[in-house]
Amino acid sequence: MSVERNLSGNNAGDMCEGFEFQKKVSDLQEQSLGPLKEDLVDWLGKTLSIDLSTDTFMTVLDNGVYLCQLAKLIESKARECFAEGKVTEPLPKMKLKCNNRAQSGTWFARDNTANFLQWGKEWGMKDECLFDTETLVSHKKEKPVIVCLLELARLGYKYGLEPPNIIKMENEIKHEEDDEEDEVDALPQKTIEIVEKRPTKAAAPANKKPVKLDLDTEVRRIATKCRCQQHVKRIREGLYSIFGKTIFIRLLMDKHLMVRVGGGWDTLEHYLIHHDPSQVYTFHRSNSRDNILDNVDGDRFLYVRGKYKK
């Protein structure tokens, strides 16, 4: 049963609660990029033999040099595959130009980035997976750059380039979907049972190795934290029913719970909070002339947490 809360213009505390929720969702959405960026940083470091971190991510990439190097590496892999007959479709003939001495914030950096983006288009990357030159050069937003690099990694994987962990997970899930598409609906569902345990005090060994996290245990923990454990049901390892939807969950880098959503990824915590249909906020207009809701037609409207796509 959904919970409806009346938020009148005279109750500022209740009104703020709805907007505070919006802010929390927005903050979690930004945080959900962290695991993806961390995985990409690890991948870029190994693939290009460069030194970067999540803090220096944009600074290291903003002159476009490493993006061009990555594009040329993928192009080299593609031409090898073509020569060996592993791919038969004609490859783009665009010659990618890059000024390796370009400094951050200069027109040379912009030129490098623009050339890389044009290369991406030539190689079939969709516009929604690319970004504006200034987005990277001026450090405007990280998300479009992260989305672009993920798509670039998928392109590289097509031609045999070792991909980031998150792309490996995508392909693992795709194989599962292809192999077991007809079996999922027939599998029994089991509601997660939350058992509270009292913490025990134990002396930690001096050279204790990091304990490998258990996927189901972590799902239970996050579901309890978000107070929606009754809506999370385990179907089998890595596959859950959440709010009635069948969802794949993976543990990225042994610490981040990631949910496969459409063609992308989200953290489990953000997904649970954003899609929880049990909280509906009802805003009532007051007769106050200064009320910001007076411009809304009718005397009430709803703010609903869950947003579902058909």
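Student: Which residue in β5 does Ile242 stand opposite?

Tutor: Ile242 stands opposite Lys245 in β5. Please bear in mind that this is a predicted model, and that the values we discuss are computed from it.

Student: In what sense do β4 and β5 pair, and over how many bridges?

Tutor: The pairing of β4 with β5 is antiparallel and runs over four bridges. Together the two strands form a hairpin, with two residues between them.

Student: Which residue in that turn has a positive phi?

Tutor: That is Phe243, with a phi of about 50 degrees, and the positive value comes although Phe243 is not a glycine. Phe243 lies in the loop between β4, residues 239–242, and β5, residues 245–252.

Student: Is Phe243 buried or exposed, and why?

Tutor: Phe243 counts as buried because its relative accessibility is 15%, and the cut-off for buried is under 20%.

Student: What about the other neighbour, how do β5 and β6 run?

Tutor: β5 and β6 run antiparallel as well, joined by four bridges, and Ile249 stands opposite Val259 in β6. These two strands form a hairpin with three residues between them, and in that turn Met253 has a positive phi of about 55 degrees.

Student: Changing topic to the helices, which residues of α10 are buried?

Tutor: Helix α10 covers residues 268–275, and six of its eight residues are buried. They are Leu268, His270, Tyr271, Leu272, Ile273 and His275.

Student: How far apart are the end C-alpha atoms of α7, and what should the helix span?

Tutor: The end C-alpha atoms of α7, which takes in residues 143–158, are 23 Å apart, and this agrees with the 22 Å that its 16 residues should span at 1.5 Å a residue. The buried residues of α7 include Val145, Ile146, Cys148 and Leu149. After the helix comes Gly160, whose phi is positive, near 95 degrees.

Student: Where does Phe108 lie, and is it buried or exposed?

Tutor: Phe108 lies in helix α5, residues 107–122. Phe108 is exposed, because its relative accessible area is 52% and the cut-off for exposed is over 50%.

Student: What is Phe108 in contact with, leaving aside its neighbours within four places in sequence?

Tutor: With those neighbours left aside, Phe108 is in contact with Asn99 and Ala102. Separately, the C-alpha atoms of Phe108 and Asn63 are separated by 7.6 Å, although the two residues are 45 residues apart along the chain.

Student: Stepping back, how many helices and strands are there in the protein?

Tutor: There are ten helices and nine strands, and 42% of the 310 residues are buried. The protein exposes about 18,900 Å², of which carbon and sulfur atoms supply 48%. Among contacts with a separation of 6 or more, 61% come from residues 24 or more positions apart.

Note on methods:
Residues are numbered from 1 along each chain as its sequence is written. This is a predicted model: local features need pLDDT of at least 70, side-chain atom pairs count only at pLDDT 80 or more; totals for chains, interfaces and linings use all residues. Side-chain values use heavy atoms; hydrogens and water are left out. Buried means under 20% relative accessible area, exposed over 50%, partly exposed in between (1.4 Å probe, protein chains only). Contact means heavy atoms within 4.5 Å. Accessible areas come from the Shrake-Rupley method with a 1.4 Å probe; for residues, only the protein chains shown count as cover. The expected span of a helix is 1.5 Å times one less than its number of residues. Two strands pair if DSSP finds at least two bridges between them.
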